Amino acid sequence: MRKPLVAIVGLALALTACGGTPSTQSALPSGPIVIGVSQALTGDKSDPGTAINQGYAVWAKQVNDAGGLLGHQVQLKVYDNQSLADTAVSQYERLVTVDKVNLLFGPFSSALTIPTSAVAAKYKMAFVEGAGGAPKVFERKFKYIFFVQPAVAQKQADPFVNYILGLPSDQRPKSAAYPQQDDPFVSATEDGAQARLEAAGIKTVYKQVYPPTQTDFASIAAAVSHSKADIVLGGTIFDDAVAQVQAYSAVHYQPKAIYFTSGPSTTGPFKQALGDKVNGCMTGDGWIQNSKEPGNAKFVADYLKLYPNKDNLVPGEAAEGYSVGQVMAAAVKATQSVDNTKIADWLHAHKVATVQGEIGWDELGRPQGSYLLEQWQNSVMHVVAPKGDPNKDADPVYPKPAW
Amino acid sequence: MSPGLFAQSLVLGVLTGGMYALMAAGLTLIFGVMKVINVAHAAMIVMGAYLSLTLFRHLGIDPLVSVVLLVPVFLGLGALVQWGVVNRLAERDITLTVLMTFGFAIILEGLQGAIWTSSYQGIKTAYSLESFRLFTLYVPVVRLISAGVSLVLLAGLYVMLTFTSLGRAIRATIQNRTAAQLVGVNVRLVTTISFAIGIAIAGAAGPLLGMLFTFYPATHWLWIGKLLAIVVLGGLGSLRGAFVAAMLLGIAEQVTSVTIALDWAPMIFYVFLFGVLVVRPQGLFGTVERQSL
């Protein structure tokens, strides 16, 4: 009788120890500062996920070449979560409890940030992330999340909606289609835009939600085409944006404008998959390759050195990843530590200059700025709105060129 | 919904259904001859898609050419797997083959992930996005080609089964294994050949799947569900049944996506399946086996 009892008590004690003690490494290590990342390097989010990690890598290389952070080299400890939320959660658990990393960077995208940020909060680790802006990320009121983009997901399509509503009444579209993936970031962006467009009298003629595993877009294209929608707001991540363009083009459907929540900003892979069909596609983002923000030129040059490609394109997500590094570096330098509570407190109180511009957060880690409207024109991504933005380098092409 | 859109979804449904028929044909043939449910069937089709993708990317071989190249490869592979593994298990306990093919599906999925990663893939040729207009309807060229190739292959299979002595031996084995053996059919050989043909058809379907749909290692779970629904609905072991069920479900899926909702489309397979099984448990073209006199 005695042995099982001892075993049960032992197990209970062990479990209590696992649950109760945060294993945060708050002291500066003797060796390199290790930063843990679980990233969507394969699976349905692999293109943008890979791009974010490239941004992390460019940042780490620059920091190390300049002598490191507080005199320590930085080292990225990366796991591939295959775009699966459960895998990402267990990998962050592992990074904190087994690998005992000093700092954490977030994954792509909201769908993975929502569950993994709970792990970070449990261990009181600052979760600086470049791609989780859906309302659900902030709903649980964690104090350790910092979303490194200009604004939250609901505001992403604002510049597009503003532009559409600002068109002269004879040019303004009368109807819109909303084919969208079942994803928290996508629904936040799409619902916000749809409500404003409907309020302005632009009729919704198609709205359908498809699973992330959707592999056939022919029926979607047939239905959107028959709806004769003037404009399309595609609620997409990446592969589905590519598939939508291909399917619309196959049925010769020509909307006057097409906006994707995500996809066109993953510039290299998007261009590679679609060629000239990228032209006219719009998206909302916080960054553009030829941005005039301080440090951007060096980031772009170093990215292309590390990841050369024939079109010389830098994906938007790489800039988001790089910005995450800039934010973390600023906090570590300012607090002179890798104490995650100090880092979080500092970030709540300060704004940080990034290649996406200066970003500051409210008490829940929500950034307070606004997005840019971007459009592919002649195979180059341009900032086309809002008017007066220093990075605006072209006017929107509307209606967009035919596919 | 406009009649135009309905007609468009019918066209897409018929073309997609033709492709489903080819994918399900091998599965139903293998079940007919061996009473083995090959859970790895869809994983083998996806393997065909990956091989075709590799041939296309690195050697520029058109996926339609790789259909021809993959058939003998998968034929040999099928014969080897049947002779080496499936047959041994089937003779001991037929239910073990379900576990075995399930395990084989997982191995194939892991292998695909290791070689090609789990990123989404598609085979995009120069004619991938072409379509032509038929009255008010658009007919996507790739879908028409794949339906055409499927039909040709299925017709070939039908002719082989109906008019050749091998076909007669296969049909005899499907109908009554013992009786076939009694009249001199080499049942073991026929079984191996049938299994191999079933896998060869999966190999041929691979490049077509790769041209039409996005695929990744885990996609085979989505497909095997659909394919099992098709072969059960058509009547296990019935090629004609699989064809009719594939058409029916292909059309129902497309029409549902445009008339009701996209997320209803995958469910429609099982709604049909339950409906038919309640009314006609042997499936549309299945026969009731007499268990005892």
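Predicted model: local features only at pLDDT ≥ 70, side-chain atom pairs only at ≥ 80, totals over all residues.
## Extent of the interface

Chain B and chain A bury about 2,300 Å² between them. Carbon and sulfur atoms account for 60% of that area. On the side of chain B, B:Y120, B:L129 and B:L262 supply 31% of the area buried against chain A, more than any other three residues.

Counted by residue, the contact takes 28 residues from chain A and 27 residues from chain B.

## Polar and charged links

One salt bridge is found across the interface of chain B and chain A. Its partners are the side chains of B:R143 and A:D216, at 2.7 Å from N to O.

## The side of chain B that touches chain A

Three elements of chain B give two or more residues to this side: α1 (3-34), α9 (219-234) and α10 (239-259). Of these, α1(B) gives the most, with four residues.

By class, the side of chain B that touches chain A has 13 nonpolar residues, 11 polar residues and three charged residues.

## Packing of α1 and α6 in chain B

Helix α1(B) also packs against helix α6 of chain B, residues 165-175. The angle is about 65°, and the axes are 7 Å apart.

From α1(B), the contact is made by B:L29, B:G32 and B:V33; from α6(B), by B:I170, B:T173 and B:I174. These residues divide into four nonpolar and two polar, with no charged residue.

Definitions and conventions:
Residues numbered from 1 in each chain as written. Chains lettered and ligands numbered in written order. Heavy atoms only, no water. Contact = heavy atoms within 4.5 Å. Buried area = accessible area lost by both parts, 1.4 Å probe. Salt bridge = Lys/Arg side-chain N within 4 Å of Asp/Glu carboxyl O. Nonpolar A, V, L, I, M, F, W, Y, C, P; charged D, E, K, R; others polar. Axes fitted to C-alpha atoms, helices over the stretch in contact; angles between N-to-C directions.
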